[in-house]
Amino acid sequence: NTQFLGVNDNGIAVGFYTDAQNIPHGVVYNSVNGSYTIANAPGGVNGTTLNGINDKNQVVGFYTDGGTNTHGILVTGAPLTQ
């Protein structure tokens, strides 16, 4: 199961895929070069979801830690357009 939840004008899409243990993992897709990047938050042992990206390639989302607490994340400066 893979879902893309956000896309920007640079052709970068973000979302998540669910593994066999039903844990979501953040995924970035670059439509310019066709590459996929898995992006899991440190501490996100129960899952990472990326749900938005702007034209500066700043990504927002959330992850769930080992205690099932949900935390928001903001990723800036990621090399998403290589």
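User: Where is the place of Thr64?

Analyst: This is a predicted model. In it, Thr64 sits in strand β6.

User: Is Thr64 buried or exposed?

Analyst: Thr64 is buried, because its relative accessible area is 16% and the cut-off for buried is under 20%.

User: What is Thr64 in contact with, leaving aside neighbours within four places in sequence?

Analyst: Thr64 contacts Gly43, Gly44, Val45, Asn46, Gly47, Asn69 and Thr70.

User: And Asp65, where is that found?

Analyst: Asp65 is in the loop between β6 (59-64) and β7 (70-75). Asp65 is buried, with a relative accessible area of 15%.

User: Which residues does Asp65 touch, not counting those up to four places away?

Analyst: Gly43, Val45, Asn46 and His71. Gly43, Val45 and Asn46 are also among the contacts of Thr64.

User: What lies 2.9 Å from a polar atom of the Asp65 side chain?

Analyst: The backbone nitrogen of Asn69.

User: Over how many bridges do β5 and β6 pair?

Analyst: Over 5 bridges, in the antiparallel sense. In one of these, Leu50 has Gly61 of β6 as its bridge partner.

User: Changing topic: which residues make up the largest nonpolar core?

Analyst: There are 9 residues: Ile12, Val14, Val28, Ala41, Leu50, Ile53, Val59, Tyr63 and Ile73. β2 (12-18), β5 (48-53) and β6 each supply at least two residues of this core. As background, nonpolar side chains tend to be buried together in soluble globular proteins.

User: Take Ile73. What is Ile73 in contact with, leaving aside neighbours within four places?

Analyst: Ile73 contacts Ala41, Thr48, Leu50, Val59, Val60, Gly61, Phe62 and Tyr63. Among them, Ala41, Leu50, Val59 and Tyr63 belong to the core along with Ile73.

User: How many aromatic pairs does the structure hold?

Analyst: It holds 2. In one of them, the rings of Phe4 and Tyr29 have centres 6.2 Å apart and planes at 50 degrees, so the pair is tilted. Phe4 is in strand β1 (residues 2-7) and Tyr29 in strand β3 (residues 24-30), so the pair ties together parts 25 residues apart in sequence.

User: What about the rings of Tyr29 and Tyr36?

Analyst: Their centres are 4.6 Å apart and their planes are at 40 degrees, so this pair is tilted too.

User: Which counts as exposed and which as partly exposed, Tyr29 or Tyr36?

Analyst: Tyr36 counts as exposed, at 55% relative accessibility. Tyr29 is partly exposed at 23%.

Notes: Residues numbered from 1 in each chain as written. Predicted model: local features only at pLDDT ≥ 70, side-chain atom pairs only at ≥ 80, totals over all residues. Heavy atoms only, no water. Phe/Tyr/Trp six-rings, centres within 6.5 Å; stacked < 30°, edge-to-face > 60°. Helix = DSSP H or I, 4+ residues; strand = E, 2+ residues; numbered from the N terminus. Buried < 20%, exposed > 50% of the residue type's maximum accessible area, 1.4 Å probe, protein only. Contact = heavy atoms within 4.5 Å. Polar contact = N/O pair within 3.5 Å; in protein donor to acceptor, adjacent residues only side chain to side chain. Core = buried A, V, L, I, M, F, W, Y, C linked by side-chain atoms within 4.5 Å. Pairing = 2+ DSSP bridges.
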